[in-house]
Amino acid sequence: MKKSCAVLLACLASALALPGQSRAETLTLTWNAVSTYIDGTPIESNVYITYNMYWSSDAELSAGSLRPVVTSGSQTNGTFDPDLLGMSRGTTVYITGETVLSTGEKSSLTPAYPWAVPLLSELFIGCPSSLNEGESGVCTATALWSAGPMTPASPAWSGGSPYASIGADGVLTAAEVSGVQPAMVTAEYTTAGVTRTASATVMIVDLSVVTIMEPKNVNVSGPLAESPSVPIRLAWDPVVTYTDGTPIPSGAIVDYSAYWTTDSTLSESSLVPLASSTLSLSVYFDPNVQGMKRNQRVYFTTRAKDSTGKKSRLSAAIPWKVSNSGLSSPSNGRVRRN
């Protein structure tokens, strides 16, 4: 009798943690679809195909060691939480799978695919760089795992006093201040026995001291297919008000500066310009040309300035892991006669 054959794609792709969950991370396991028997004969169209995927701590995949990851899955992917499945952080587990036909036939198990269960590596937080007295803003946390992915985290928040208070949901509320005052916010995140902390300083603005607001919604994207020579884009929203909420006059010109740094506190001396006094709301750059090293952790920030010379404070630090490896050199060269 013909037997079906499954091939596990050696790919574990990171996915965003599910909203509202405090678990560490949710990952996606993917594999190749099966459409033929091992002799190459196509599986009949009226035969239903499902997949069972397992993990084991035994490289030999002994039957008693197999634990389910996906059961009777009809798609070629499935999500899982390593902690919920009992995978020990920092250890190597082995993924395998089988194809099951509606006729009752099963394939053999695929070869064991080793996978290192990620450990919590670092914690990053993003808070508004400044808040007007009496206003509120949201601080967020992002966990970096040893395998590379970054996922949202739900840490324990503390700090802010006496110039601000922060709730368990990360909402920071500024108190009334005399002059501009710094409020230090700290996040602590623990998973699988590993704890990481991160801090940020938010400047609480006395509304009697008015300046231009800093850029909001700063984001980084890429690599960009449409711009292979400068494959990464840093973008931000236009600044249209002063810190007291007054609109910037329509005739006023606002320009922007963008920076990168390896310092999460954004010390002025560490800032490396990406763009200076630009009217654009984005800047394109090549990490290699900028001197960023592969797999290095860097931070982006921006600043606005109006035509009267009023400068904003720096926007909140945006963490980013440098993944661009640059252009490849020519290979497989040859000369032929025309």
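A residue is termed buried under 20% relative accessible area, exposed over 50%, and partly exposed in between (1.4 Å probe, protein chains only). The model on display is predicted, so local features need pLDDT of at least 70 and side-chain atom pairs count only at pLDDT 80 or more, while totals for chains, interfaces and linings use all residues. Residues are numbered from 1 along each chain as its sequence is written, and side-chain values use heavy atoms, with hydrogens and water left out.

Select Pro111 to begin. Pro111 is exposed because its relative accessible area is 67%. It sits in the loop between β6 (92-101) and β7 (113-116), where strands (E, at least two residues) are DSSP runs numbered from the N terminus. Beyond its neighbours within four places in sequence, Pro111 is in contact (heavy atoms within 4.5 Å) with Leu61 and Ile95. A C-alpha distance of 6.4 Å separates Pro111 from Thr96, 15 residues apart along the chain.

Next, select Thr302, in strand β23 (residues 297-306). Thr302 has a relative accessible area of 0% and is therefore buried. Residues up to four places away in sequence aside, its contacts include Pro215, Val218, Leu234, Trp236 and Arg313.

Finally, select Cys127 and Cys139, which form a disulfide (a pair of cysteine sulfur atoms within 2.5 Å) with the sulfur atoms 2.2 Å apart. The pair links distant parts of the chain, 12 residues apart: Cys127 lies in the loop between β8 (120-126) and β9 (130-132), and Cys139 in the loop between β10 (136-138) and β11 (140-145). The S-S torsion of Cys127 and Cys139 is about 125 degrees, so the disulfide is right-handed. Both cysteines, Cys127 and Cys139, are buried.

Methods:
Helix = DSSP H or I, 4+ residues; strand = E, 2+ residues; numbered from the N terminus.
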